2 protein chains.
Amino acid sequence: MHFKDFSDLSAVGSLQQLAASPCDLTAPGLFSSDRFSRYHLSSCGFDLLYATQRVDDEVLAALQALADEAELVEKFRAMKKGAIMNRIEGFASEERRVLHTACRDIFREQPDNSEAAGQAREQLARLQGFLDDVQAGRIVNHKNESFTTMIQVGIGGSDLGPRALCMALKAWSLPDRATRFIANVDPDDAAAVLAGVDLSRTLVNVVSKSGTTLETLTNEQLVRHAYSEAGLDPARHILAVTGQGSPMDDPGRYLISFYMYDYIGGRYSATSMVGMVTLGFMLGYDRALEVLSGAHAMDLAAEETDIRRNMPLLMALIGIWNHNFLGLPTLAVLPYSQALLRFPAHLQQCDMESNGKSVTRQGRLVRWQTGPVVWGEPGTNGQHAFYQLLHQGTEVVPADFIGFRHPQYEGDLEVKGTTSQQKLVANMLAQSLALALGRNHENPNRYFPGNRPNSILLSDRLTPYAMGALLALYEHRIVFQGFCWNINSFDQEGVQLGKILATRLLEEMTDGGGDRQRLAKDSPERNLLAQASL
Amino acid sequence: MHFKDFSDLSAVGSLQQLAASPCDLTAPGLFSSDRFSRYHLSSCGFDLLYATQRVDDEVLAALQALADEAELVEKFRAMKKGAIMNRIEGFASEERRVLHTACRDIFREQPDNSEAAGQAREQLARLQGFLDDVQAGRIVNHKNESFTTMIQVGIGGSDLGPRALCMALKAWSLPDRATRFIANVDPDDAAAVLAGVDLSRTLVNVVSKSGTTLETLTNEQLVRHAYSEAGLDPARHILAVTGQGSPMDDPGRYLISFYMYDYIGGRYSATSMVGMVTLGFMLGYDRALEVLSGAHAMDLAAEETDIRRNMPLLMALIGIWNHNFLGLPTLAVLPYSQALLRFPAHLQQCDMESNGKSVTRQGRLVRWQTGPVVWGEPGTNGQHAFYQLLHQGTEVVPADFIGFRHPQYEGDLEVKGTTSQQKLVANMLAQSLALALGRNHENPNRYFPGNRPNSILLSDRLTPYAMGALLALYEHRIVFQGFCWNINSFDQEGVQLGKILATRLLEEMTDGGGDRQRLAKDSPERNLLAQASL
């Protein structure tokens with residue numbers, strides 16, 4: 001495999017030239033039936049409508065050349081097979097394989113990496129057994145009652161993805177099964193969650209790959225304390241997801257431990273045991289498996305080399321067009337589905353932690369922009385909030401709309417001749433068009449400049465399968481962009497400095513304030529603590 | 001009052017020159033005790049620590065000159081007294097006063113605007129009576145049981161602010177009082193909320209100033225339907241907050257209607273009846289009043305002309321320094337408090353809908369950047385998510401940290417020698433320093449460039465009073481920036497085009513698809529609907 005600097009790719013030069021006069025979305029007659037049908041890609045149950053991006057055939061050809069020249073699909077295939085993709089050449093780095101796709105490569109006789117797929121199958125079989133025992137009343141509380149709630153304790157990748165998925169798929173929950181999440185080291189987070197559940201009917205799933213995450217261990221202590229206070233035995237209620245052999249891999253303290261492996265990064269771990277245990281508790285094993293099935297379908301679809309048939313690759317390249325060539329620093333992800341409320345927060349992590357980097361795979365400073373700021377809220381809520389800026393602000397924000405033709409729940413009502421779901425989808429399409437088309441008006445305050453690029457992702461219904469496909473779609477979009485920018489999307493060295501400083505400050509704070517000695521007298525840390533009255 | 005274009009202010013020229021060599025936060029010895037204490041402002045129980053912004057005395061002097069020249073405080077005072085601040089000169093516009101500050105100007109004999117303050121007092125007295133009746137069992141359900149839950153149905157300003165406040169202050173709730181919110185026209189939103197409450201013990205508070213908001217009316221219908229299905233009389237359960245004389249001001253259909261007035265914009269309405277009814281139900285009247293008391297204190301503090309003693313004004317000017325002069329397009333708001341989970345979403349609306357504008361108060365296109373993209377999530381969660389990009393990404397993101405010295409709930413535990421709250425605050429301070437200071441390292445992947453500007457807002461505890469002050473702090477920050485950019489921060493013409501297109505698309509969809517006639521045959525709307533299989 002060749003890793004070339006982004007600025008050295010010859011397609012980058014062509015794209016810079018094309019960016020001088022990008023497609024004008026406000027041109028009369030542009031949005032023909034032909035444009036809509038040509039800029040439309042279907043994959044794994046999703047339609048991507050990208051006629052409202054500032055692209056034309058020439059730009060797409062240049063993006064294809066970029067993908068080919070940077071060997072994006074080749075690198076993706078190598079990743080799935082087990083290449084050491086998490087590394088920086090010539091410097092100390094994690095030196096790991098990147099095999100989250102193996103977590104769902106369990107449906108074929110010949111998986112891409114049989115060792116990792118075998119470990120995934122093994123953990124899934126253990127999970128199935130555990131869930132069967134809970135369901136059949138073989139695992140119960142001290143009063144022989146069944147468990148009705150699972151609290152997941154984790155943070156970052158051990159929280160955001162699993163939480164987003166559980167919220168998204170609540171409509172498909174088994175009856176009488178609820179899930180809750182504790183992440184923040186803020187003691188008010190745990191207190192609020194614990195106050196709202198019946199501890200005796202609750203299982204607590206503590207998730208930390210290393211078994212040493214400070215926030216998670218602290219919250220586990222709070223939970224154990226609450227169980228003891230309630231006269232209940234924590235070991236009957238608390239299970240773990242962790243690395244084999246970690247301090248949390250301890251049958252004396254946990255009901256059971258499921259394993260994750262060092263080749264699965266936290267932000268890519270939602271389809272590993274990190275997400276599947278709580279999802280399986282909520283949905284039942286078979287339905288949880290449909291999430292893996294949807295993700296696996298997208299994993300396969302992402303190997304297509306024609307960018308107009310590869311949805312994550314095309315989205316990655318359009319993102320690069322908007323970010324590096326049209327100069328737009330952010331990306332809004334706008335699901336028209338309340339169930340996807342926390343999906344943007346998951347993507348924010350997955351994207352910004354992966355591609356918020358400044359060093360190439362060869363350890364040189366990049367000379368081009370890497371990952372954008374990713375943010376978003378569900379529509380139509382956002383329409384009554386920040387869309388003013390999207391339409392008429394001076395910052396141009398590219399947007400991904402995500403919607404569904406049918407609701408999850410039954411019972412949608414017609415009001416004024418249309419159902420709520422029709423209103424929801426019509427609003428999404430309308431926003432996409434309004435951003436692109438704009439509008440002239442003699443009142444300057446009612447003028448809309450248009451030319452604000454966006455895409456629509458549309459599927460029939462937010463099912464477990466669709467959620468899996470959507471999750472994998474964005475995972476691969478991020479990975480393709482990282483390969484193209486020649487950065488390592490799989491480490492997170494940028495979180496280390498804050499940890500070091502926090503430890504120093506904590507040591508200082510617990511010295512009682514009077515006799516601070518560990519830090520130099522006039523150090524920034526001591527001066528800040530004094531100023532903050534801490 | 002003079003409204004001058006931002007680019008015509010002479011201080012803008014000075015600031016541009018100063019921006020060529022902004023304060024280097026990585027310079028050894030910069031963070032002296034002296035810098036921390038000089039760049040520290042206390043107001044209404046909050047400390048603002050801004051030594052980690054890229055400012056020095058010269059920049060602050062130029063920002064003071066900018067504030068003086070643009071007459072920011074004078075305009076703010078005029079707004080509070082009732083000037084027609086919501087207008088565009090020479091063009092059709094809303095032509096309204098802007099008097100959300102009057103909602104809390106109820107503690108003085110001589111309020112700034114006695115008509116609006118009188119109306120606020122009147123509504124508060126009605127609310128107090130209503131809450132007394134609920135508390136004393138004079139307003140009960142058909143079985144003479146008390147009400148335990150209030151669902152607020154609203155969207156945008158009728159949802160985000162009230163929701164953020166209720167989440168923030170849940171720890172101060174009366175026993176057995178819960179609040180829920182329905183906003184999205186997505187039918188799954190209402191279905192999920194309604195499935196989780198006992199309708200017979202629930203009050204539903206429907207909020208719409210005009211009484212015509214499509215999403216809210218649709219959700220009200222869903223709720224009324226659910227009551228009828230349950231054999232309950234909706235008129236015993238549903239109340240309204242609306243404009244006097246609106247279609248929702250109807251005693252036959254509502255238990256009671258509280259009023260809001262056209263001088264209160266939706267995104268500034270959290271301290272009007274829009275927020276106070278549900279907050280009052282949850283907290284009790286007296287505690288809810290403390291929110292107003294905190295907000296009012298900040299309203300007074302914001303009249304100070306010295307920017308180093310006026311917290312919202314100083315934050316507004318530092319924001320302009322970062323956005324217009326250092327060229328940073330976004331702002332991250334990072335509360336180290338899980339209770340403030342949805343406060344960034346409220347600010348996102350309040351800021352982006354207010355200042356996402358391209359037209360001056362005189363109807364000319366602006367030639368400078370207006371409002372930034374505002375986004376954020378609570379820490380420490382964010383540290384395990386997007387902070388990688390904040391530290392090492394190519395996009396530089398200014399950040400506001402918000403934290404508290406003490407938790408809301410009792411029962412914080414010491415783990416490894418420190419409480420959770422100490423860990424939380426130490427992490428916040430550490431992030432602030434790490435972003436500013438950076439770090440050199442021989443491994444380029446462990447190098448941190450630093451010079452990433454940020455501030456810390458610190459208070460003792462997130463009480464109702466503190467929440468009120470914090471809310472008003474950001475409201476005024478936004479308003480000061482709008483005055484400085486010479487834009488109208490109080491209208492939202494940018495939401496209209498989407499509404500028009502959504503209506504057209506809905507009409508088209510309900511024509512049954514076969515015989516679409518209302519729109520031109522080759523219109524973008526029809527082509528898009530066809531392509532989306534809708």
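Tutor: Domain bounds here come from an automatic or database domain assignment. On that basis, chain A holds domain 1 (6–95 + 305–491), domain 2 (105–292) and domain 3 (496–531). The centres of domain 1 of chain A and domain 3 of chain A, taken over C-alpha atoms, are 43 Å apart.

This is a predicted model, in which local features need pLDDT of at least 70 and side-chain atom pairs count only at pLDDT 80 or more, while totals for chains, interfaces and linings use all residues. Residues are numbered from 1 along each chain as its sequence is written, and chains are lettered from A and ligands numbered from 1 in the order in which they are written. The average pLDDT (the predictor's confidence in each residue, from 0 to 100) is 96 for chain A, with 99% of the residues at 70 or above. For the complex, the predictor gives an ipTM of 0.97 and a pTM of 0.97.

In the contact itself, two residues count as touching if their C-beta atoms, placed from the backbone, lie within 7 Å. Chain A contributes 126 residues and chain B contributes 126 residues. Helix 14 (residues 420–437) of chain A supplies the largest share of the side of chain A that touches chain B, with 14 residues; helices are DSSP runs (H or I, at least four residues), numbered from the N terminus.

Chain A is superposed on chain B by a rotation of 180° with 0.0 Å of shift along its axis (RMSD 0.0 Å), by least squares on the C-alpha atoms of residues with pLDDT of at least 70 in both. That is the relation of a two-fold axis. The same surface serves both copies, as 100% of the contact residues of chain A recur in chain B.

Notes: Helix = DSSP H or I, 4+ residues; strand = E, 2+ residues; numbered from the N terminus.
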